[in-house]
Amino acid sequence: MFGLPPSTDGRDTSLPPNHPINQLSPFRKTLILCILSFCGFLANYSIAAIQVAFPQLGGAFGVSPALIPDSIGYNLLGLGIGPFIFNPLSKTLGRRLTYLIGAGLFIPFVIFMALAKTYTTFCVARALAGLVSGWSQTVPPSTIADIFVKEVRGSKMSAYAVMVIIAPSVAPLICGLVIHRYSYRVCFWIVLALAALQFLLLFFFVPETLWIDETSVPGLVGSYQEGFTESKPEKGVEMLENAPGATPGHLEGGASMAPAKSGEIRGHVGMAWKPWERPGEFLRVFLSPFLMFQYLPILLPSIYYGTVFCWSVGITIVWPQLAPKAPYNFSTIAIGCSYAAFGIGGVLGKWSGGIIGDKTVAYFVKQKGYRHPEFRLWAVFPLLPLMFAAAAICGVGFEKKLHWISILIGGALFFFTLSALTGLLQTYVLEVYLPRSQDTQAVFIFWKCIWGFVIAYFVYSWGLNSSFLTEYLVQGALAAGVGAILCAGLILKGHALRKWQGMPISDSA
């Protein structure tokens, strides 16, 4: 899952030897990928740490257990906003210091969650914990882009994404085992131990990977090398689509327009500059992610993915509230263990989202002779009917009270398609504006978390007031239908749309 394919040594001869892609060994890259995947996992594990403890938390806070899922929404809300704070820091202070700041702040807020005495303070703690862990959802993909060549970037992104996806399935399993004998607070003490481990791993094993290009923009060494106007790039500028003469500099900066000749490219890894020394420039960096909302090839896939993600959150909220009742009569431990099926589906989905996505792109590049990010979207179409089938199985199972195995099969299949879709769409959004990868990922994560925040308020009552069959058929139809229209539209017109909106693109492709 995490290793490099035998066909490449993971290096790029067009880049200088001290660039992270060339400087880091394959083993070091793999170790970094594993650690960053763990970070993405932990933030989402923390959100789902109470997934099967709704009755215990309701009793402890003196509120209805039906209110407890709302706290999951608050955590997701914080997680969606956090990247807009941490992304600018990672572009200026560097990746490593941003990781350490975020991981360090997460620890006291985990303690805050564990020791909260009221429902209100618990929700506040959840929101703040999500806020300070937001870096784990957007900065790691940029580091992945820093250290891996584009030929394997999709599979590496998918390896990271699958850890994010399976976290909500692993957490209930641990939670069910814990609260069977101990207080729900122990669930957060486990999160605290993992948070401390996260900080130590980042401190000792993850180096700085922010590349500062000293040649692409003379006089701006150590500066944020990207203009903040959103006009069309100069002719011939290309970030991903096969421009042999363009060389990537600062990941959030521009590409060098000079040919990549030996000894001509200079740069270093490290801090760009200190935000407090350039407040005006930092303000522009801070506002830059919001400019990404105007680009339809970024905005539309992000909104769509958020809706699909929220349906998966809905499954994990509805199931623990129905499982203890007839005809299932699941114990707390059994409910927690049942989530393993969803996790297995998420892991298996990785193969479609990453490896098949990369192979799909490679096939079209070979056929057409050029590279477009939209080629990756062809791999989405086989997932859409499976997504509808998965939602339908869950709906029929809930409504007709079929054997519990039907719920697990439907849920596992849905998580399979979600995991695959995550790798495909997140990589696509990253690739269409690679020099602003963190900004595009902030938009992607924002919509994911906003939809996850909203779904907690109505997903269970929707099934009770209407029917679970209707609810899940609607969800499946929207996921499959909108996905097909979106991907078909982007495959046909995505390149032209990016060109029309002035996004980085190759005129010859």
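**Exercise 1.** Describe how helix H12 and helix H15 pack in this predicted model.

*Solution.* Two packed helices are described by the angle between their axes and the distance between the axes. Step 1: H12 covers residues 296–322 and H15 covers residues 404–432; helices here are DSSP runs (H or I, at least four residues), numbered from the N terminus. Step 2: the two pack at an angle of about 160°, and their axes are 10 Å apart. Axes are lines fitted to C-alpha atoms over the stretch in contact, and angles run from 0 to 180 degrees between N-to-C directions. Step 3: that angle makes H12 roughly antiparallel to H15, a term for angles over 145 degrees. Step 4: the crossing of H12 past H15 is left-handed, meaning that the near helix is turned anticlockwise from the far one by less than a right angle.

Residues are numbered from 1 along each chain as its sequence is written. Local features need pLDDT of at least 70, side-chain atom pairs count only at pLDDT 80 or more, totals for chains, interfaces and linings use all residues, and side-chain values use heavy atoms, with hydrogens and water left out.

**Exercise 2.** Find what the salt bridge between Glu 431 and Arg 371 connects.

*Solution.* Step 1: a salt bridge is a side-chain nitrogen of Lys or Arg within 4 Å of a carboxyl oxygen of Asp or Glu; in this pair the closest N and O atoms are 3.3 Å apart. Step 2: Glu 431 lies in helix H15 and Arg 371 in the loop between helix H13 (332–368) and helix H14 (383–400), so the pair ties together parts that are 60 residues apart in sequence. Step 3: both Glu 431 and Arg 371 are buried (under 20% relative accessible area, with a 1.4 Å probe and protein chains only). Step 4: Asp 358, Arg 371, Arg 376 and Glu 431 are linked in a network of salt bridges.

**Exercise 3.** Do the analysis for the pair Glu 374 and Arg 498.

*Solution.* Step 1: their closest N and O atoms are 2.8 Å apart, and they form a salt bridge. Step 2: Glu 374 is in the loop between H13 and H14, while Arg 498 is in helix H18 (residues 468–500), so this pair ties together parts 124 residues apart in sequence. Step 3: Glu 374 is buried, with a relative accessible area of 3%, and Arg 498 is buried at 0%.

**Exercise 4.** State how far helix H4 is covered.

*Solution.* Step 1: H4 spans residues 68–81. Step 2: 11 of its 14 residues are buried, so H4 counts as mostly covered. Step 3: among the buried residues are Ile 68, Asp 70 and Leu 79.

Key: Angles under 35 degrees count as roughly parallel, over 145 as roughly antiparallel, 65 to 115 as roughly perpendicular and the rest as oblique. Buried means under 20% relative accessible area, exposed over 50%, partly exposed in between (1.4 Å probe, protein chains only).
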